[in-house]
Amino acid sequence: MTQQPLKIGVLGYRFMGKAHANALARLPMFFPDAPDIERHTLVGRDEEALAEAAERFGFAHTATDWEDALEEVDVFYNLGPNHVHAEPSIAALEAGVPVLCEKPLAPTLEEAGAMRDAAADADVPTGTAFNYRFVPAIRYAKGLIEDGELGEIRQVRGRYLQDWLVDPEAPWAWRMDADLAGSGALGDLGAHTIDLADFLVGDEVGEIDRVSGHLETFVDERPVYDDDGAVDEHRDVTVDDAYTAQVAYESGAMGSFEATRFATGHKNDHTIEVHGSEGSLKFSLERLNELEVLSGDARGYETVLVTDETDPYVDHWWPPGHVIGWEHTFVHENYEFLTAVAEGGEFEPSFADGYDVQRVLDAIEESDERGAWVSLD
């Protein structure tokens with residue numbers, strides 16, 4: 001008997017809504033073994049904009065109340081702003097509906113904990129949408145580390161640099177409000193780095209023992225523009241524009257992480273490096289088909305083009321050497337999550353993984369407030 005298509009409900013139709021809707025549309029073309037799905041209900045507040053988005057994204061129905069959508073769908077994607085992550089996700093889980101939620105898991109550690117607990121009680125797959133785990137080069141790097149190619153891991157370094165707020169007249173947005181977002185560059189960008197570091201080296205270095213953090217806000221208020229482009233008012237910026245953090249792992253390894261929205265000339269530069277006793281590797285999102293690897297007696301890094309058919313996910317796309325892009329990471333992520341839902345399996349990163357990242361973010365903020373190292377014990 002053929003399994004009925006999974007009915008997908010999606011909250012949010014802007015940046016992340018578009019990214020995941022594109023992934024859902026690509027699945028049957030490039031991943032024929034993926035579960036059959038139906039883009040069922042798109043949820044938003046603006047009826048006119050919602051209807052237009054649903055037509056473009058291929059959703060059959062719309063709803064302005066997420067509670068109505070939960071009664072109709074088999075899987076729920078929570079892609080809304082951070083402050084609406086907890087309530088709809090917990091309600092979905094209480095109804096037995098699997099949830100994929102964008103990162104960071106919640107604005108606060110308390111809400112993230114409630115989401116983690118609801119997931120444990122529901123016993124259905126949950127996912128925190130850290131899509132960079134699904135870059136083929138990152139999967140290849142993890143394999144090298146697991147195989148011992150780098151030896152004992154001693155240091156991991158991560159940075160996420162953007163420049164979209166360099167101009168002090170750049171408009172205010174919800175990401176600049178602590179009540180709506182939780183934090184700024186720390187949660188929006190740093191969450192990716194903290195998760196990616198744990199994915200790559202967590203099994204080798206253990207958990208984070210303590211952190212030292214520094215947060216800074218460079219522009220304290222920003223303009224809100226009216227429909228004619230004139231400044232209507234100014235609103236306070238109540239989150240960080242940049243952060244740095246030092247991390248001590250249980251094994252004695254160390255990490256250094258940073259993110260900023262003020263790095264002039266950097267559009268989306270997410271870089272991570274891992275250094276071990278026998279070798280090192282470097283990855284940059286701006287060259288996501290490549291991995292820089294140093295091992296053995298080599299005197300310099302080798303650039304590995306991770307596009308062979310034997311590389312993770314690549315056999316689903318193009319011939320060797322034909323590169324993929326940022327949007328493909330969402331296809332891989334959706335494939336893994338929906339397969340876990342259809343087969344009753346587990347998905348990582350789960351809500352528990354998202355909570356663990358939130359613990360680190362919270363400790364970095366606490367360290368900045370106290371001016372001292374903070375233990376995660």
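Let's start at P104, which lies in the loop between β5 (99-102) and α5 (109-122). Helices here are DSSP runs of H or I with at least four residues, strands are runs of E with at least two, and both are numbered from the N terminus. The peptide bond from K103 to P104 is cis, with omega near -15°.

A word on the source. This is a predicted model, in which local features need pLDDT of at least 70, side-chain atom pairs count only at pLDDT 80 or more, and totals for chains, interfaces and linings use all residues. Residues are numbered from 1 along each chain as its sequence is written, and side-chain values use heavy atoms, with hydrogens and water left out.

Back to the backbone. The peptide bond from E348 to P349 is also cis, with omega near 10°. P349 sits in the loop between α9 and α10 (351-370). Next, D123. Its phi is near 55°, a positive value in a residue other than glycine. D123 is in the loop between α5 and β6 (126-129). For context, most residues other than glycine have a negative phi, and most peptide bonds are trans.

Now the sheets. β5 and β6 belong to an open sheet of 6 strands, in the order β3-β2-β1-β4-β5-β6, with parallel pairing. Two strands pair if DSSP finds at least two bridges between them. Which strands stand at the edges? β3 (61-63) and β6 do; each has a single partner strand, so one side of each is left without a neighbour in the sheet. The twist averages 20° from one strand to the next. Angles run from 0 to 180 degrees between N-to-C directions, and axes are lines fitted to C-alpha atoms, for helices over the stretch in contact.

Look at β1 (residues 6-11) and β4 (residues 75-78). They run parallel, joined by 4 bridges. G9 has F76 of β4 as its bridge partner. Helix α2 (residues 47-57) packs on this sheet and touches β2 and β3. Contact means heavy atoms within 4.5 Å. The direction of α2 makes about 165° with that of β2.

Next, an open sheet of 9 strands. The order is β16-β15-β14-β13-β7-β12-β11-β8-β17, and the pairing is mixed. At the edges stand β16 (302-305) and β17 (374-375), each with a single partner strand, so one side of each lacks a neighbour in the sheet. β7 (residues 153-161) and β13 (residues 269-276) pair in the antiparallel sense over 8 bridges. There, R159 has T271 of β13 as its bridge partner.

Helix α6 (residues 136-146) packs on this sheet, touching β7, β13, β14 (279-284), β15 (290-295) and β16. Its direction makes about 20° with that of β15. α6 also packs with α8 (residues 185-205), at an angle of about 15° and with axes 9 Å apart. The two helices are therefore roughly parallel, the term for angles under 35 degrees. Residues making the contact include I138 and I145 of α6, and L196 and F199 of α8. The contact residues divide into 7 nonpolar, no polar and 5 charged. Nonpolar covers Ala, Val, Leu, Ile, Met, Phe, Trp, Tyr, Cys and Pro; charged covers Asp, Glu, Lys and Arg; the others, Gly among them, count as polar.

Last, aromatics. The structure holds 12 aromatic pairs. Rings of Phe, Tyr and Trp (its six-membered ring) pair if their centres lie within 6.5 Å; planes under 30 degrees apart count as stacked, over 60 as edge-to-face and the rest as tilted. F31 and W317 have ring centres 6.0 Å apart and planes at 75°, so the pair is edge-to-face. F31 lies in the loop between α1 (15-30) and β2 (37-43), and W317 in the loop between β16 and α9 (328-343), so the pair ties together parts 286 residues apart in sequence.

Key. Parallel < 35°, antiparallel > 145°, perpendicular 65-115°, else oblique.
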